[in-house]
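Colleague: Could you take me through the charged pairs and the packing in this one?
Modeller: Gladly, and here is the model to look at while we talk.

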Amino acid sequence: MKLRNMLCAIVALLFLTPTLVSAQKLKGKDQLVTISTPQGDIKLVLFEDTPKHRENFLKLAKEGFYDGTTFHRIIDGFMIQGGDPNSKDDNPNNDGSGNPGYTIPAEINPIHKHVRGAVAAARMGDQVNPMKESSGSQFYIVENHDGTPMLDEAYTVFGQVVDGLDVIDKIAEQPKNQRDRPLTDIKMKVTVESVKKKKIAKKYKYNYNQPSA
């Protein structure tokens with residue numbers, strides 16, 4: 001009887017241990033980012049193991065840098081791209097070429113894949129940018145429901161959408177010109193709030209242990 005009780009206790013411990021570990025990892029708060037657009041709100045979290053991209057995005061968002069910029073490039077079945085300060089002016093032809101005056105060193109992590117809703121940094125091509133440094137502000141969000149694995153380990157993926165995937169679809173479907181620029185400006189306003197990780201995980205069914213799964 002004692003042996004049976006001991007075995008039952010061991011089995012119970014094996015089942016409980018992962019839960020306890022997960023709970024420990026979810027202590028504290030995270031920065032929940034909301035991108036508000038005419039099509040609705042997109043909510044996302046930024047990865048802690050891409051600290052330079054995370055810190056930069058949060059800094060720009062809190063400063064209001066992104067407010068009034070647009071999603072200037074949309075490709076249905078692929079992605080939506082925004083964050084260019086040039087998209088605030090009256091010249092649509094310079095959209096896509098702007099930046100805050102600096103780049104960010106690549107933080108490419110193989111565990112972060114280009115799944116649906118992945119947030120990644122835009123950048124110049126390899127010929128002029130062999131170190132794969134990221135734009136200081138421009139980013140894109142994967143819209144393809146099957147992801148875009150051909151981009152894995154070529155661009156820095158630094159966040160994941162936790163709510164508003166349908167909004168990304170709506171944006172990607174907007175009428176556009178031959179340069180993939182929407183015919184009507186899709187302006188954004190970006191806000192940041194501090195929220196308990198446990199609340200984010202529960203409310204949005206987000207797995208902090210496998211953010212790109």
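Colleague: Is Arg116 buried, partly exposed or exposed?
Modeller: Arg116 counts as partly exposed, at 26% relative accessibility, where buried means under 20% relative accessible area, exposed over 50%, and partly exposed in between, using a 1.4 Å probe and protein chains only. This is a predicted model, in which local features need pLDDT of at least 70 and side-chain atom pairs count only at pLDDT 80 or more, while totals for chains, interfaces and linings use all residues. Residues are numbered from 1 along each chain as its sequence is written, and side-chain values use heavy atoms, with hydrogens and water left out.

Colleague: Which side chain does Arg116 meet in a salt bridge?
Modeller: That of Asp169, at 3.0 Å, N to O; a salt bridge here is a side-chain nitrogen of Lys or Arg within 4 Å of a carboxyl oxygen of Asp or Glu. Asp169 counts as buried, at 12% relative accessibility.

Colleague: How many salt bridges are there?
Modeller: The structure holds ten, including one between Asp30 and Arg54 at 3.1 Å, N to O. Asp30 is buried, with a relative accessible area of 1%, and Arg54 is buried too, at 14%.

Colleague: Switching to packing, which residues touch the most other members of the largest nonpolar core?
Modeller: Ile35, Tyr66, Phe71 and Phe139 do, in a core of 27 residues, a nonpolar core being a set of buried Ala, Val, Leu, Ile, Met, Phe, Trp, Tyr and Cys residues joined through side-chain atoms within 4.5 Å. Apart from that core lies another, of 20 residues, with Val45 and Ile200 among them.
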